[in-house]
Amino acid sequence: MLSNILIGLVNTFTPINLIFITAGLIVGIIFGALPGFSAVMAVAVFVPVSYWLKPDTALLLLSALYCGAIYGGSIPAILLAIPGTPASAPTSFEGNAMTKKGQAGKALALCTTASAFGGFWSSIALLICAPLLAIVALKVGPPEQVMLAIFGLTVVCSLSFGNMTKGFLVGFISLLIATIGQDPVMGFPRFTFGVFSLTGGVQLTPVLIGIFSLPEVLKMLEEPLDKVLKASKVGKMHITLDEFRRTAFTAIKSTIIGIIIGIIPAAGPDVAAFLSYGEAKKVSKHPEEFGHGSIEGIVASEAANNGCTGGSLIPLLTLGIPGSAPAAVLLGAMFLHGLRPGPTLFTQQTTAVFTILVGFAVINILMLPIGWYFCKVSGKIIELPNSILATVIVILATVGAFSIQSSLFDVITMYTAGIIGYFMTKNDFPVTSVALALILGPMLEESISLTQTMFGSNILMMFTRPLTVLFALFALSSLLLPIIKNEMDKKKLKTKAKEAV
Amino acid sequence: MKKNWDFISSIIIFIILGAFSLQLKNIPKEAKGYPTFMIVCSFILAVVLLFSSLKNNNKESKTEIIDKPIEYAKRVAIYAISIGLYIFFMEKIGFLLSTFIFMAGSLIYLKMKNKLVIVLLPLITTLAMYFFFGKFLTVMLPHGTWIQIYF
């Protein structure tokens, strides 16, 4: 194994591979930072380009694009409240709140460090225990996915910020909206209201762009006009030792969550980011900071979504099962280069595989300086007066929504989501629950249908599977803990009030 | 004068749920179990919200917008409508013209005084977006049906 790692190191550090890794990271970050362009697109666009390269160089380029795009999505999320990718939606929540406080530099620094940290350790997991972790992937079927989706949805409790009724109401309505379009079993169009464009369902990315960015623009206009003409400050890009200590445990835990979610088929970096964000809030000593610029929130989301990148490659390389959509494109690229993922890959294509594995770690290390520089340059955008910023955000959101599938209907979806999002934020309805439900809704319904097919009327049989029970316990604790904590806090407050009297 | 926006929200939610419920009858039995469950849960929670708003327990749920001066609310409404018009006209007069007009109009409306910025920023941004998205990333940006301007 050690000799294989050394071979991988030597191959990765060839000038040509390093050039393509750097280029892939830069282009990936740009793709991720553009609203509407996802990590899948970044990887897919460059698959034909990779055809002219050696297999290891090609896969390093595509991996760099994948990691760069996942990270890059967080930059506009922090600066402009436009999540570049769905995985950066929770980052947008906390990062933009920090930007408003003049701490954009700190938010970007935390985001870059956490992304590199999560990505690096996921690549180490990929390198050391890929075959071992692949066993877990084999044990995950539709019943586990049902429980995972329910576990993910319990994060709604954490996102509700003190109003559970509104949080759950938004969650259920969003799950209902996620059913618009063809049903997963029969392909029957549902709730299309006679609109043909709704047959394909409500696209996630336009909704996310609209619901996060347009309310911010409209809120800017609520300020007096002299404020609208003023510019914000980026602030210094640095992390203090205290902040580092405070977020270290969150980073480790979120990376582990990211790796595990990455391994599970159908659950990608977006699910990992939300789950990890919710978990971080639950155990945080400063839960009141969440929603108002929590550094733990940013670290949790970023370490998890980048931790997912390496995790999703584990079932891909060892079993040929892609753990996420970009991993599925990578699978296609591997076939194109004559690499057949599966148990024999590690013995028959040792050099190429270990070059990719070691290269993946190098990509995540290089992400730190490249991302840091990128943030310094792009951070200047918020120094523009708000009047320019508001105008540019509208244009970026419009073009971003349109470019997903060259459809004006997506722009209308983005606009509608934005207006609804504005009224939701004004009335304390948590908009993040919408994103979470739209991400998990299709996975939940499809898994329920498949589980029903597996067990027929005896659906409780799903609890004979250990992983299902484990996820069910996680979901139950995730649902009950905030309620218990809330009640305990109330009791404490009452006791204190009595003591004061 | 303060209005209970939670009450209004619940009514709007009931209307939405009603519209979804009406569509249920057109869906085959095999495909409507899951959405029916979501409708029922949403309905129960909307009833809870309605009752709590009637009791007027939650003072925080009242909207902020009515506390702000009416001119800001007007400004928000006008800007939101102008974004809607921009999207509508994008298909009719094309991306280039509609984006330039919207950007220039937006900057004037938001009291940008520098005339050079009002002209140059929309021009440069529109062209940069057009070439980057339209040409480099090959996104088929609208060319317009009434007036066609494209390169």
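Searching the whole structure, which is a predicted model, turns up 2 cavities of 30 Å³ or more. How much space lies in the largest cavity? About 50 Å³.

Which residues line the largest cavity? They are A:L59, A:S63, A:L313, A:L316, A:L317, A:L330, A:M334 and A:I356. Helix 15 of chain A gives the most, with 3 residues. Sorted by class, the lining has 7 nonpolar residues, 1 polar residue and no charged ones.

Now the interface. Please turn the view until both chains can be seen. Here 63 residues of chain B are in contact with 61 residues of chain A. Between them, the two chains bury about 5,500 Å², and 79% of that area is on carbon and sulfur atoms.

How many salt bridges does the rule find across the interface of chain B and chain A? It finds 1. In a salt bridge between the chains, the side chain of B:D6 meets that of A:K166, with 2.9 Å from N to O.

Which helices of chain B supply at least two residues each to the side that touches chain A? Those are helix 1 (5-24), helix 2 (29-55), helix 3 (70-109) and helix 4 (115-136) of chain B. Helix 3 of chain B has the largest share of that side, 18 residues. By class, the side of chain B that touches chain A divides into 45 nonpolar, 10 polar and 8 charged residues.

Last, salt bridges in general. Over all chains, the structure holds 10 of them. One that sits within chain A is the pair A:K100 and A:E216, whose closest N and O atoms are 2.5 Å apart.

To recap the two main topics: the largest cavity has a lining with no charged residues, and 79% of the area buried between chain B and chain A is on carbon and sulfur atoms. That is all from me.

How values were computed:
Residues numbered from 1 in each chain as written. Chains lettered and ligands numbered in written order. Predicted model: local features only at pLDDT ≥ 70, side-chain atom pairs only at ≥ 80, totals over all residues. Heavy atoms only, no water. 1 Å grid on protein atoms, 1.4 Å probe; cavity = no way out; pocket = protein on both sides within 12 Å on 5 of 7 lines; lining within 4 Å. Points joined across faces, edges and corners; volume = space filled by probe spheres on them. Helix = DSSP H or I, 4+ residues; strand = E, 2+ residues; numbered from the N terminus. Nonpolar A, V, L, I, M, F, W, Y, C, P; charged D, E, K, R; others polar. Contact = heavy atoms within 4.5 Å. Buried area = accessible area lost by both parts, 1.4 Å probe. Salt bridge = Lys/Arg side-chain N within 4 Å of Asp/Glu carboxyl O.
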